[in-house]
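I set out to record the surroundings of the ligands and the open space in this entry.

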Amino acid sequence: MDHDVLRTVPSALSGTATGVGYSADVVTLLSLAQYVRNLGYRAYASMNDTASSIPYAVKAGLGEYGRHGLLIAPGFGPRLRIGKVFTDLPLAHDRPIRFGVEEFCQICRRCSDACPPTAIATGEPSDEVHNRSNVRGVRKWTTDAEKCFSFWVSQVTDCSICIRVCPYNRDYPGWLNRLRYRFMGSFLRRPMLWLDVLLGGGERKAPSWWWRRATGS
Ligand code: SF4
Ligand code: SF4
């Protein structure tokens with residue numbers, strides 16, 4: 001999802017980043033599913049329906065799971081919309097990856113501190129659930145999805161503050177981003193967190209800021 005648009009969350013404008021992400025998702029998934037069907041196999045495209053996408057994405061090695069309950073992918077952070085295709089096409093599969101997200105989340109509380117309805121876990125991963133909207137029997141950081149969604153409804157738009165403030169959600173040039181990810185996944189994670197706060201990472205911008213940039217006015 002677009003980095004600059006997401007700097008304005010929560011706003012009606014920022015919802016467009018989500019909408020565009022899902023629109024691209026639809027085209028990609030339907031094209032891929034049709035391609036697999038043309039090969040003679042079954043293929044069913046799925047976005048947020050049928051099964052939770054994040055556990056599959058973690059298993060597929062696309063990224064790691066963060067405290068805010070979202071996938072954090074190398075190079076994109078949590079700024080993602082995920083889709084999946086169920087198929088009987090024989091495939092070689094990837095494995096889960098680790099690049100230090102869990103360890104970073106252990107020392108970071110930027111998402112849980114910033115979440116208006118305090119829906120994000122502040123403690124250690126556990127198998128406790130908040131309500132029927134949570135998956136049972138998995139030890140992890142679990143977000144109270146009902147608190148989260150109630151907040152969205154009260155705002156009359158979606159939220160994504162947890163994405164905006166996450167130190168993995170920064171858009172630096174390629175080599176700098178790779179270096180930053182490496183440091184965040186190392187013993188330098190505390191200074192990296194300190195630096196992110198110092199540099200104002202994740203501060204909200206007004207939608208008018210985005211419009212001025214987009215139109216050059
Ligand atoms: S989207 Fe907003 S309300 Fe929901 S968990 Fe993230 S910060 Fe909290
Ligand atoms: S804001 Fe911090 S604690 Fe939350 S997911 Fe991002 S890195 Fe982890």
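I worked on a predicted model, in which local features need pLDDT of at least 70, side-chain atom pairs count only at pLDDT 80 or more, and totals for chains, interfaces and linings use all residues. Residues are numbered from 1 along each chain as its sequence is written, ligands are numbered from 1 in the order in which they are written, and side-chain values use heavy atoms, without hydrogens and water.

Ligand 1. I looked up its shell (residues with a heavy atom within 4 Å) and found Cys 115, Pro 117, Ile 120, Cys 148, Phe 151, Trp 152, Cys 159, Ser 160, Ile 161 and Cys 162. The largest share, three residues, comes from α6. By class I noted nine nonpolar, one polar and no charged residues.

Ligand 2. Its shell includes Arg 67, His 68, Cys 105, Cys 108, Cys 111 and Cys 166. I found that α4 (101-107) and α5 (110-114) each supply at least two residues of this shell. The classes are seven nonpolar, one polar and two charged.

Second largest pocket. I read a volume of about 860 Å³. Of its 28 lining residues, the closest to the centre are Ala 60, Gly 83, Lys 84, Val 85 and Leu 91. Two or more lining residues come from each of α2 (15-38), α3 (53-59) and β4 (84-87); α2 gives the largest share, seven residues. I counted 16 nonpolar, six polar and six charged residues in the lining.

Terms. A pocket is an open set of points on a 1 Å grid over the protein atoms alone, where a 1.4 Å probe fits, with protein on both sides within 12 Å along at least five of seven lines; lining residues have an atom within 4 Å of a point. The volume is the space filled by probe spheres set on the points, which are joined across faces, edges and corners. Helices (H or I, at least four residues) and strands (E, at least two) are DSSP runs, numbered from the N terminus. Ala, Val, Leu, Ile, Met, Phe, Trp, Tyr, Cys and Pro count as nonpolar, Asp, Glu, Lys and Arg as charged, and the others as polar.
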